[in-house]
Every structure is written in structure tokens, then in C-alpha cells.
Amino acid sequence: MESHRPGFLRTLWGNALFSPKTTLGFMRVDFVVGEVFILSLTQMVFFAFVATLAGGGPSSVAYVVVGNAVSSVTYASIFSVCQTTDSEKQQGTLEPLLATPAGRLPLYLGRGLIPILLSLATVAVGLGYAVGLYHVPVAAGALGPLALSVVLTAFAMVGFGLLLGAIALFLRTSIILGNIFLFLGLVVSGVNFPLSNLPVPLQWVGYAFPLTWGVASVRATLDGAAFSQVLPLWGYLVISGVASYGLAMLSLRLFERLAYRTGSLVRF
Amino acid sequence: MLPSSSDVIEVTKLTRSFSSRKGFLFQEKVATDALRGVDLTVHSGELFGLLGPNGAGKTTLTKILSTLLLPTSGTARVLGRDVSREGAAIRPLIGLVLGGERGLYNRVSGRENLRYFADLYGLPSGSVTSRIREVLDLVGLTEAADRRVEEYSRGMKQKLHLARGLLHRPPLLFLDEPTIGLDPRSARELRKLVRTLSSEGVSIFLTTHYMFEAEELCHRIGILAHGQMVACDTPSGLQRLVGGEGTVELESREFDDVELSRLRSLPGVSRVLQEPLGTHLRVTLRVRPGQWDPDALRGALDPHPDLFVRERRTTLEDAYLDLVEQEVAA
Amino acid sequence: MSKRPGYGLRGIEASLRLSLLSFVADPQWLIPSSIAPVIFALASFEMFRGSGPTLVLYAVLGASTMSMWGQTLYGSGWATGQDRFLGTLEPTLVAPTPYIYVVAGRVIWNVLTGLVGGVLVLGVVLWAYGQPLPLSNGLLFLGLFVALMGSLAAVGLLFTALFVYTRFSGFIQNVGEFSFYIISGAMFPVILLPFWVSPFSLAFPATWAVDALRYVGIPGYQGLSWGLTGDLLGTLGTSLAYLALALGVFRWVEHHLLEAGTASDY
């Protein structure tokens, strides 16, 4: 017997590059351009015009464009990660994949690496639009903390995407869940209007969503808020991110087992 | 109106090239010739089989003839009409059955699939229900007609494909590997159905990988290799074409070149082929019955303690492999 | 036999029926295409809150338009993608009914199902927020709404031709959805848009139709300055132009598919 269980890093790295290429077309120019450069812009422009029509209040144009720049992270983090499992099902590659002895943790975590990079790029480009097109001011010395906010947001949101993607092992598809969470942040995460506008139960939904803390921390760092004000936001972001990854791994084990029991690996 | 000509398919010097791109940013265009000057005629009422290895161009030819693909050059006429210019006129007259699991709407029932295509084929509204019932009955899917297609087995899907192809009673039917992946019983039922259709006067153009299927069903068989028609004849004609209706197989650990040369020069032996067989070597001779001498054959060989000799009829598979290998060698 | 009459209507009817049956078999697919416009409208409505009843109409009308467009774009793209994935594009193309009629049936179905998003937002506005919807002439509004649906179907037909042609339908959908929300002025008057966007905006039939609907729904509305009649003529003219364009493009696309042999690619 020559075959043995592949190592953690080998599985992680192999999946990081191979999975997005085969399931999402991440290596296609149109995909990257559309996701990173166009979607973030069009969504932002749309809400900027709505803010203009609404005529001030808490939803100023500057408020809205920053919120949308950060919320565009959902395309690369939530939607794309959810889509990998769906795509494996459709191609019929999920069963052979799970029949391998590869460790599940690196197998699934690997799928999040390229989405994290794309998420970073999407938010960076979105903030670039906000500053370049809408002249959103950036406080002096804000770049470092801002970068950290963006990195933590991307990391936490991909964890959330993995959590949703886990459910696709059991459900016919996770695209529907992905679609709901793709845009839910626009209402519950303080992207276009303050969270306090919402009824209390919806506010709690917002608090459980990493995007809410990502938007808040980016806003705070752009405004040059004191370290003591930003630190708790980063803390919440890290907690929600770590919780997302942890729950994602638990869910993957649970739903994989359920899928074996129900035969849902081939159902899409 | 059907054409008065007795040929339902007339193909002359047909070629088809595909181009694809390689690379990411600086892409390179790659051209592949799928068909290279194919000539072919299929007569009215004939059951014509097309054989060929993977990538030989069978599906390309079927798609061109069924109006799904335009040729690069040459002409193809189906039921007297040019496939390049008169596709719309050909479509109501032909049925196309593509093999495999794909090609059906999985989330609706078999009956609804047929109903949809009955409308697209413009069947008279009053006869849609009864015609669907007829074809379902014909292919043996009546009981499963109202189940979702996603619940069908592969064989049932294949039957539904055939039912769809027959809905509008086409005088010419294209069957692209109709029994691929079917269990022996389903495949046999499908072959029986094809024979029945043929006996009712439907002209059939069948592609298959199964030699016995072609031999059992087809009036004439064309062999396509590397985009060229290397032979086209009746099954027995093809066997004669490769040098005789008899085959003798010799197996031993070793045959030297002198022995092989002596075998080639024997009267009644038209072809000598050799292939490795694990630790042994197999030499296959195509022989003309009555013209070869078994004693002379043994005399041409040095003493072999492990010699194994077997005489049998030349099969279509032998003919096919000989012809395809000749083409590869050429 | 080859020129049998009735392929068109039979084809549209068959395609509508198949869309209905597929929807009934798995209705959850309505969610992905409806969710974005509904959430966009809810977010916009929240931003408009306290700005007067006029903006409520903006939110509801905008949600309906965006939902119908989202459904048309994604539904038609999805159906075409499914046709390729399931391998049903080839059997459909080989049938004598021109493919454009099959697509037309799907587009009509998608526009109709897109109404769900509008109804959802209307429900939220009326019941959850308790906001009244100001409408002065309900019948005319309804007629104009049908015109809006027709105009969206015409544009949807052209876009679907592109989906049949290219495998990059995801890119077209992503670009087409949000760009449309902006340039059609579904949620805000197009007067807010930069001047250079005007030609694109006016070339979209829905821009005219939405403007006409606002004329009827909002007292004293000053829209594209050609008045209601101008809006109606604009809707009709641009819709017909899209329809003619779609017919031509479909003929070309079908020819291209046969030439390139890409109908079975996925």
C-alpha cells in the first residue's frame, strides 16, 4: 500500500488553487472584473442616488457609499464560497472528493483562501471608488487601521460563507441562502442607514452578522476614531469571524454525516 | 412532401473544422479537423450504421445531418434539402435521438416533456394526447409517464429520448449511440424497437460503438476514422474487404520474423497481424475459406511447445479494427 | 409541411407551460432573483422614510420594476444555462419552432413572476409600515404597468439572445442588473443622473414606462418633460426597437450556434 493520508498543508494549498478554478471560474478575467470592479461600483452608485433623493438625514451620500463599499465583500465571501459546493454537486465531483482520505478541515478551509484575497480586493476597490468618486474624507493616519479593518472583515466574512456553504452538503443548494445573505446586510448591517432605525429583533440579527462590525470598524477608522473606540469593533469582528469558522467546521461535519445518511450529495 | 429520390442522405466531400483557444491572456487559436472530405449516401428505408473510434467525427456528422451544425465545406442533403440553407425545412421531417442522460427536462414528467416537444413540432392539437399515449406505449413508458424525469433510470430516459424522436412520425430518424450505458435487457428492447421502425419503412441513421449491434441491425455500415469514411458496405462486405471471412489465431511465447514472413506468403492468407498478449504473442491471419491449408500453416512454423491455434469466423469487430488500424498506419 | 402555421403561438404557449410546471416543481428558485430587488427596495424605503408619501410610490414602483427586471435577467439567463446544462438546447433547436418563441414564453413568465417582488414590497409598505399608496387613476396605472411589463419583456428578449450566444452570462447578468437599476431611474428620477448617461437611459423602454407611471401616481410630477403622451410613445417606440433588434440578433445567434457548434457546450 503506497497511498496514505495527504498532509494538512498539501490539501489546503491544493484546494486553495484548484477548487476556485474548477468551480467558480475565478481564473476568468470576466469573473474577476465583474466581481471586483463592477458590482461594487454599481451597487454603490445606486444607493448614492437613492440617498440623494432621500435628501439627507442619517443616510448621507458619504455614509451610504462607505457602507456599500464594505458590503460588496459579500459577493466574494458569501456568494462565491457557497457556490463552490453547489458547483461540485452539479459537476458530480463532490462524491469523488469526499471519498478521498483528505482531511476535511484543510479541504474546506482551502476553499476560502482565494475568496479572502478577492474579498480584500473588492473592499479596497470599493473604498477607492468612495474616496475617488464621492470624495469621502480619510482621516490622517487612518490607512493602517483601515487596512486591518478590511483584512479582518474579509477573514470573518469568508468564515460566514463557509458556514452557509456547509449547508449545501445537505440541502439541494445553498445558493438561495447565499442570495439572502448576499443582500441582507444592506438592511441589517448599518450599510445604508443606522442599525438603530430597525426593530430590536432585526438589530440582533445584525449584531450576529460579521458584516455589521466590518462596516462599523471601517467607518470608525476612516473617521480617525480613537484606538479605544476601534478596538472593541475589531474584537467583535474577530469573535464573529472565529465563531463563523468554528461553526462552519462543526456544520460541515454534521451536514456531511447527514448527507451520507440521506444521499443528498448527488441532489441538486 | 418528401423528395422522390431514393436517397434520404447525400453527402459529398463534407468537411468540418473546429477552432478553440488555449491560454489565459495571450490565447492561441487551435484548429481541429473533425471531418475531412466525407462522402456518403443513405437510401430510403435503409438502416445505416456509422461506426468509428472516439473522436472519429460520428457525432459531428450526425449533428450536421440533423441541422445542428453547419459544415465547413462540401454538401450534405437530407431528404433532398441542403442542410446549410434549408435547415428549417428539414427539421419537421427528421427525428433526433441523442444518447445519454442529458437532453430532457428533469423536473417535469415524461409526459410533459413529450407534450412540450409535441407543441414545438407543431403536431395537430387534437392529436397530441393520443400520439403521446401511442409513443409512450411503443417505448414501454406508459406506467412511468407521469413521474418526474429525475426519477427515471438511464434506460427509461433513453426510451423517452426515442419517444420524443418519434412523436411527429419522421420519415428519417437519427440515433446517436442510443443504447450506450443501457443494461442488456433494455438495450435488447431498444434494438427490437429500432428493427420494428425500420421494418415500417422509417429510414434510420444510427451511430454506435457496439459491433454486434451494428451487425445485427444495419443494412449497411460506414466506418469513420479520423474524419474520413474508410469503408462503407454491408456487414459481410466489410468482412470480405479485410481479406476473408475466416480468421486463424496463433498464440505462443515467441514468433520470429522468418516465421511471420513464411505465414504471409502462404496461399489463401490475405493478412497477418501481430499483437502482444501479456507474456505471449498473438498472430492473427485473415484467411479465405477453402483456399488455405492448415497443414501448410503448421509447416510454416518452427516447433512451438506452447503453440495454441484457433480458427473462427471473421467478425465485424475484426473488420472494424483492421480498417481503423490501417487508417491510423496510413 | 415545413411552413406550418402556428409555430409561434404554440411555441410561446408550450414554453410558458413548461416554465410554470418547472416552477411548481421547485418554486424556491424564485427567491434568488427576487431577493435583491426586494431588499434594495426595503433599504431604499427605509432611507425615504419621513420624506413624504410620494417617495413610498418610488419605493414600491422601483421594487416592482427592479424585481421584474431581476427575474427577467436571471430567470432567462438561468433557463438558457439550464438548457445547456441539461442538454436540452440541441433538441429544442432541432425542433421546427424557432427558438425565439421558446425564449419569448420564458421571458413572459419571468416578467410575471417578477411581480412577486413588487407585491412583497407593497405588502411590507402597506401592512408593516402602515403607509398608504397614493394612486390617482388606478385603471390607467394598471394599463401602464402592463406596458412596463411588455417593455421589460422586449429588453429581456434581447438579453437572452446574448445568453444563448455567450457562456459569460453571469458577467452580463451582474453588469446588466445593477446598471439597469441605475439608468432606468427605477428608484429615483433620471434627472439625478449625469448628462452623459441620458442617451443610455432614454434608450431603455422601462425608463419611459416608469416615468409614465409616476405621472399617473404622483400629483404634479415633472419627469422627462415630454409628458405622459411622450412617455407612452417613448415606451412603445423603444420597445418595438428592442423587439426588432432581438429578432435580428436571434437569427444571427442561431446561425452562429450552428456554425460554431457550441449548442452543447456548458
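1. A residue is taken as buried if 20 or more other C-beta atoms lie within 10 Å of its own, with C-beta atoms placed from the backbone. By that criterion, buried residues make up 44% of the 330 residues in chain B. The model under review is a predicted one, and the remarks below should be read accordingly.

2. Overall description of chain B. The secondary structure of this chain amounts to 11 helices and 14 strands. Along the principal axes, its C-alpha atoms occupy a box of roughly 75 × 50 × 50 Å. Among the contacts in chain B with a separation of 6 or more, 71% are between residues 24 or more positions apart.

3. Domain division. Chain B is split into domain 1, comprising 43-64 + 88-239, and domain 2, comprising 244-313. Between the C-alpha centres of domain 1 and domain 2 of chain B the distance is 41 Å.

4. The six-stranded sheet. In chain B, six strands build an open sheet with the order β6-β7-β8-β3-β9-β10 and mixed pairing. From one strand to the next, the twist averages 15 degrees. Within this sheet, β7 (residues 172-176) and β8 (residues 203-207) of chain B are paired in the parallel sense over five bridges, and D176(B) is found opposite T207(B) of β8(B).

5. Helix α1 (residues 58-65) of chain B lies across β3 (47-51), β7, β8 and β9 (220-225) of chain B, and runs at about 155 degrees to β7(B). Helix α6 (residues 184-199) of chain B lies across β3, β7 and β8 of that chain, at about 150 degrees to β8(B).

6. The four-stranded sheet. Another open sheet in chain B has four strands in the order β12-β13-β11-β14, with antiparallel pairing. Here β12 (269-277) and β14 (308-313) of chain B are the edge strands; each has a single partner strand, so one side of each is left without a neighbour in the sheet. Neighbouring strands of this sheet are turned against each other by 20 degrees on average, direction ignored. Helix α9 (residues 257-264) of chain B packs on the sheet and touches β12 and β13 (280-287) of chain B. The direction of α9(B) makes about 150 degrees with that of β12(B).

7. Strand β11 (residues 246-252) of chain B pairs with β14(B) in the antiparallel sense over six bridges; T247(B) stands opposite R312(B), and E251(B) opposite F308(B). Seven bridges, also antiparallel, pair β11(B) with β13(B). In that pairing V248(B) has L285(B) as its bridge partner, while S252(B) is opposite L281(B).

8. The hairpin. Strands β12(B) and β13(B) run antiparallel and are joined by eight bridges. P276(B) has L281(B) of β13(B) as its bridge partner. The two strands form a hairpin with two residues between them, and G278(B) in the turn has a positive phi of about 65 degrees.

9. Nonpolar cores. The largest nonpolar core holds 248 residues, of which V78(B), A163(B), I39(C), A59(C) and L148(C) touch the most other members. Leaving aside residues up to four places away in sequence, L148(C) touches T65(C), A206(C), A209(C), V210(C) and L213(C). A second, separate core consists of nine residues, including V272(B), L285(B), V287(B) and L297(B).

10. Contact between chains C and B. In this pair of chains, 29 residues of chain C are in contact with 29 residues of chain B. On the side of chain C that touches chain B, the elements giving two or more residues are α1 (7-25), α4 (89-94) and α10 (227-260) of chain C. The most is given by α1(C), with nine residues. By type, the residues on this side of chain C divide into 14 nonpolar, nine polar and six charged.

Notes. Residues numbered from 1 in each chain as written. Chains lettered and ligands numbered in written order. Predicted model: local features only at pLDDT ≥ 70, side-chain atom pairs only at ≥ 80, totals over all residues. Pairing = 2+ DSSP bridges. Axes fitted to C-alpha atoms, helices over the stretch in contact; angles between N-to-C directions. Contact = placed C-beta atoms within 7 Å. Domains from an automatic or database assignment. Nonpolar A, V, L, I, M, F, W, Y, C, P; charged D, E, K, R; others polar. Core = buried A, V, L, I, M, F, W, Y, C linked by C-beta atoms within 7 Å. Buried ≥ 20, exposed ≤ 12 C-beta atoms within 10 Å, placed from the backbone.
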